[in-house]
Amino acid sequence: MAAEGQAIRASCGSYGAVDQMPHAFAEGSFGAIVPDLMTLGEEPSAPPIDDISGYEGTALGDGGGKDLPPPSNLVTDRGGGGPPSAQTNWNIPAVSEDTAKEAFIQYAAGKCCYSSTPAKEMVFRDLHPFNTYRYRLETFTESRSSEWKTTPYKGEFVDSFLLGPAPLPWDIQVEVPTMFTDTKTSVKVPHTSLLKDCHNCRSSGTIRCTKCHGRRKVDCWVCHGSGTRMNDDRCSHCHGSGRSRCNSCSGSGHKTCTICAGKGQLLYYIELQVKWKNNIFEYVADQRSGFPADFFKEVTGQKMFVDEQSMVYPVVNFPDPSINQASEKAVVQHHTQFASTSRVLRQRQTIELIPLTKVEYEWQGKRYSYYVYGDENRVYAENYPQKCCCSVL
Ligand SMILES: [Zn+2]
Ligand SMILES: [Zn+2]
Ligand SMILES: [Zn+2]
């Protein structure tokens, strides 16, 4: 039970509690303000109250929370300055023959059933560079949601609505973490706490043992309740009674309620859940190189252009028009997706040049090819000449 002076019990079973409340608040007066929607023994499916301004519709439990879109004054506008200007002359040469060969030998050595002989003996015929551009738009958003939570009441101070109105969801100050990094936090919303009897144990703090159903004894596990052994001797474990003490409740017939941890009361409060997410739009310009574009995901390129602002303008003057189109599409798409449901804190767009070189070579009179890609000089070879050295029996 709550300590005297910390919680005042209303006659209907709900509590509006505050430290050192004057007794002018007569018993029962809180019941009129805080309707008791939960009767004893009911599952806690309904929130205890539904009229906290700014948090209407907040539900109890782990349902992911009720989304709280930001007010219109927090919707980010683009600053002045206009679209960014991009550099123009960005071509880079193919990798050198030495680099291409070394990467190829490493590649063959890394595959257990590839012979490295072709990689060592091959003769270069042609190195063809492709300038492959990757455009990326990152939109760093903050979204907020709310949920009713309960915790066993251990006599702590109850920050109830009697201390003032709850601050609106987006008025609560939360420290912004590192930009462009996914993370989340949660905050107890001030002035939303209230006490209620535990529905699970009817505020007694204990529930009946489910193993012995409160009878304190169960069938003896040695004689299975018969009181005798196989040779008709009396069971020495239960002394012939067929019953022994219930281990689950230590013979008391009841157990501590897990919902309220035996306290008999629950503290309800609204939890504000804040989530930061880096949303990424990515586009790789197709150079008709024949190289499977999915492989670009695993490598890095050279950053040619970085533009970071509270909100970016689409790139308009990049030499490859498909990058301009991708940028336009990305900016519109992210605005539609996030501007009304979350707060856009920052945007960053980058254009990378990912090196890609197609190497044509000859081995034992036949022509083959492979690709060297990424700053990491990864190799992709669809038709390596001498595979399967260990799979041929
Ligand atoms: Zn027995
Ligand atoms: Zn029991
Ligand atoms: Zn309980």
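These entries record what I looked up in the predicted model above.

**Conventions.** I number residues from 1 along each chain as its sequence is written, and chains are lettered from A and ligands numbered from 1 in the order in which they are written.

**Entry 1: the chain as a whole.** I took helices (H or I, at least four residues) and strands (E, at least two) as DSSP runs, numbered from the N terminus. The chain has four helices and 14 strands. I then looked up burial: a residue is buried if 20 or more other C-beta atoms lie within 10 Å of its own, exposed if 12 or fewer, and partly exposed in between, with C-beta atoms placed from the backbone. By this criterion 28% of the 393 residues are buried. For contacts I required C-beta atoms, placed from the backbone, to lie within 7 Å. Of the contacts between residues at least 6 apart in sequence, 75% join residues at least 24 apart.

**Entry 2: the partners of β12.** I counted two strands as paired if DSSP finds at least two bridges between them. Strand β12 (residues 343-363) is antiparallel to β3 (residues 123-152), with 19 bridges between them. In this pairing I found glutamate 142 opposite arginine 343 of β12. Strand β11 (residues 302-309) also pairs with β12 in the antiparallel sense, over seven bridges, and valine 306 stands opposite threonine 350. A further antiparallel partner is β13 (residues 366-373), joined to β12 by eight bridges. The hairpin of β12 and β13 has two residues between the strands, and glutamine 364 in that hairpin takes a positive phi near 50 degrees.

Entry 3: I looked up glutamate 362, which is placed in β12 and stands opposite arginine 367 in β13. Glutamate 362 is partly exposed because 14 other C-beta atoms lie within 10 Å. Beyond neighbours within four places in sequence, glutamate 362 is in contact with Met122, Val123, Arg125 and Arg367.

Leucine 353 is also in β12; its 18 C-beta neighbours inside 10 Å make this residue partly exposed. From leucine 353 to methionine 304, 49 residues away along the chain, the C-alpha separation is 6.6 Å. Aspartate 307, in β11, is likewise partly exposed, with 18 C-beta neighbours inside 10 Å.

**Entry 4: helix α2.** Helix α2 (residues 97-109) has 13 residues and reaches 18 Å from first to last C-alpha, close to the 18 Å expected at 1.5 Å a residue; the expected span is 1.5 Å times one less than the number of residues. I find Ala100, Ala103, Phe104, Tyr107 and Ala108 buried in this helix. Seen down the axis, these buried residues fall within an arc of 135 degrees, so they line one face of α2; the arc is that of the directions from the helix axis to the C-beta atoms. On the other side, Asp98 and Ala109 are exposed. The buried residues of α2 pack against α3 (117-121), β3, β12, β13 and β14 (378-380).

**Entry 5: nonpolar cores.** I defined a nonpolar core as a set of buried Ala, Val, Leu, Ile, Met, Phe, Trp, Tyr and Cys residues joined through C-beta atoms within 7 Å. The largest has 34 residues, and Phe104, Ile323, Val372 and Val379 have the most contacts inside it. At least two residues of this core come from each of α2, β3, α4 (321-338), β12 and β13. Apart from neighbours within four places in sequence, valine 379 contacts Ala103, Phe104, Tyr107, Tyr370, Tyr371 and Val372. A second, separate core has 19 residues, among them Val158, Ala166, Leu195 and Cys201.

**Entry 6: positive phi in two loops.** Most residues other than glycine have a negative phi. Arginine 202 has a positive phi of about 55 degrees and lies in the loop between β5 (194-197) and β6 (206-208). Arginine 202 is partly exposed, with 15 C-beta neighbours inside 10 Å. Histidine 224 likewise has a positive phi, near 55 degrees, in the loop between β7 (217-219) and β8 (243-245). Histidine 224 is exposed because 10 other C-beta atoms lie within 10 Å.

How values were computed:
Predicted model: local features only at pLDDT ≥ 70, side-chain atom pairs only at ≥ 80, totals over all residues. Contact = placed C-beta atoms within 7 Å.
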